[in-house]
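User: I have a model open and want to go through a few parts of it. Can you start with whatever term I need first?
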Amino acid sequence: MSEPRFDISVDQNKYLPAGGTRVHAIVSVEASGGAVAAPSGAAAEVIIIDTSGSMAYPATKLRSAVDAAVAAVDTLRDGVHFAIVAGNDTARMVYPATNELVKASEATRAKARAALRKLKAFGGTAIGSWLRLADELFDAHQDGVRHAILLTDGKNQHETDEELDAVLFRCGGRFVCDCRGVGTDWKVAELRRVASALLGSVDIVADPQDLVADFQAMTEAAMGKAVADVLLRVWTPQTATLTFVKQVMPSVEDLTGRRVPSGPQAGDYPLGAWGAESRDYHVCVEVAPNEVGKELRAAWVKLVVPGGAGQEEKVLASGNVLAAWTDDEAESTRINPRVAHYTGQAELADVIQQGLRAREEGDLATATARLGRAVQLADEAGNDPITALLRKVVDVEDAATGTVRLKRDVDKADEMSLDTRSTKTVRTRGGGA
């Protein structure tokens, strides 16, 4: 079974004025063709279900969570290694009973369904303990695609922030985890912290009845991954400094702090597992000023997969970020439209979160200003899904100028939906980004 083909394209305005030092580029990565998915034996899935006491109210919540877990199990391909974990203030195995993963088959799926139907809700919430058990389960499967689903309905009340951070530090790079909050009693920032550390997504499922479709979609996406542990390697010359690396499509995620040195002037940034998909990254490099007419490579970007025991790493694709100095003002002042678009999208996520936080704290003037700016940015970018969510929180008088009024009564689920989805981006209206 062949791997997908990876391609890198770099979109930028390479021209700088005399004395100019900052280079911006959008690095687009596309994986296409090849394998539909990783071989079943090289894929592993852990489904983590919150079974704390609050999951019993209303009674449909736990029942819907069980139905969703069943749907996920039924979506697994034969041969995929899997397990189900129940979490409250501790973590325990639902299926299998022992601390290991088992291969998906008609027989093991039936046993998993039966075990899930026996779940009861009781106790508190300690998400770190759930992730720690998942990490132990994945330990024997580090050579393939490793994915977890985590569902919770409440706040992480039975462990400290420091305890959770320690677990996230340990688990980072060892598996990808998509997080879902059901209902409106959980904290968006808390679950986003988990998803971000583990290179996964975070979203709200306000109505428990929608969990089945969501779990199916997440599992299908995981089953479509073909290459695990992809790294973005960025090299810069001795006279340059890498300012930041951010994922900007399909969502905003700052990767700068995750750099792992990989050689002289080079660092690796983890991208997780890949199937047939495309993602965009914003790279910013500070270079030493140069004279007009000079051109150099400001950064060399590569996609790399580490080699297994006794194997060499594999370079999947590469591309160059360039810098050239010119006295043509029209060339040096031209802003690359994709750089501008994604810069605005990153600001959009920031101002939404700032606005919602100010609203919660009672600072209505700041909330109005930030959310007004968000409406303006979403309108400029053509981000219709975010615009629709913003209109549930503010009344828009003029989208072009960002003139808005805060709504007095806002449904909690609408506010949390805007918060969780604030980082999701769109390409430009013309499709160029």
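Analyst: Buried here means under 20% relative accessible area. Keep in mind that this is a predicted model.

User: OK, strand 8 then. Which residues point one way and which the other?
Analyst: Val145, His147, Ile149 and Leu151 point one way from strand 8, while Arg146, Ala148, Leu150 and Thr152 point the other way. All of them are buried.

User: How many of the residues in strand 8 are buried?
Analyst: Eight of its eight residues, so strand 8, residues 145-152, is mostly covered by the cut-off of under 20%.

User: What does strand 8 run parallel to?
Analyst: Strand 4, residues 43-50, is joined to strand 8 by seven bridges, and the two run parallel. In that pairing Ile48 stands opposite Leu150. Strand 9, residues 176-182, also pairs with strand 8 in the parallel sense, over six bridges. There, Leu151 stands opposite Arg180.

User: And how does the chain get from strand 8 to strand 9?
Analyst: Through helix 4, residues 161-171, in a right-handed β-α-β crossover.

User: Switching to Ile127. Buried or exposed?
Analyst: Buried, because its relative accessibility is 1%. Ile127 lies in helix 3, residues 127-138.

User: What does Ile127 touch?
Analyst: Leaving out residues up to four places away in sequence, Ile127 touches Leu150, Thr152, Asn156, Glu159, Leu164, Leu191 and Val194.

User: Now charges. How many salt bridges does the count come to?
Analyst: The count comes to 32 salt bridges. One of them pairs Asp135 with Arg170, with the closest N and O atoms 2.8 Å apart. Asp135 is in helix 3 and Arg170 in helix 4, so this pair ties together parts that are 35 residues apart in sequence.

User: How covered are those two?
Analyst: Asp135 is buried, with a relative accessible area of 0%. Arg170 is partly exposed, at 46%.

User: Which residue forms a salt bridge with Asp203?
Analyst: Lys424, with the closest N and O atoms 3.4 Å apart. Asp203 sits in strand 10 and Lys424 in the segment after helix 11, so the pair ties together parts 221 residues apart in sequence. Asp203 is buried at 11% relative accessible area, whereas Lys424 is partly exposed at 36%.

User: Anything between helices 8 and 9?
Analyst: Arg373 in helix 9 and Glu347 in helix 8 are 26 residues apart, and their side chains meet in a salt bridge at 2.9 Å, N to O. Arg373 is partly exposed at 27% relative accessibility, and Glu347 is partly exposed at 30%. Elsewhere, salt bridges that share partners join Asp11, Asp280, Arg338 and Arg427 into one network.

User: Last one. What is the order of strands in the six-strand sheet?
Analyst: The order is 2-18-17-11-15-14, in an open sheet with mixed pairing. Strand 2 and strand 14 are the edge strands, each pairing on one side only. Inside that order, strand 17 and strand 18 run antiparallel and are joined by ten bridges, with Leu303 opposite Ala317.

Note on methods. Residues numbered from 1 in each chain as written. Predicted model: local features only at pLDDT ≥ 70, side-chain atom pairs only at ≥ 80, totals over all residues. Heavy atoms only, no water. Helix = DSSP H or I, 4+ residues; strand = E, 2+ residues; numbered from the N terminus. Buried < 20%, exposed > 50% of the residue type's maximum accessible area, 1.4 Å probe, protein only. Contact = heavy atoms within 4.5 Å. Pairing = 2+ DSSP bridges. Right-handed = clockwise from strand over helix to strand, strands pointing away. Salt bridge = Lys/Arg side-chain N within 4 Å of Asp/Glu carboxyl O.
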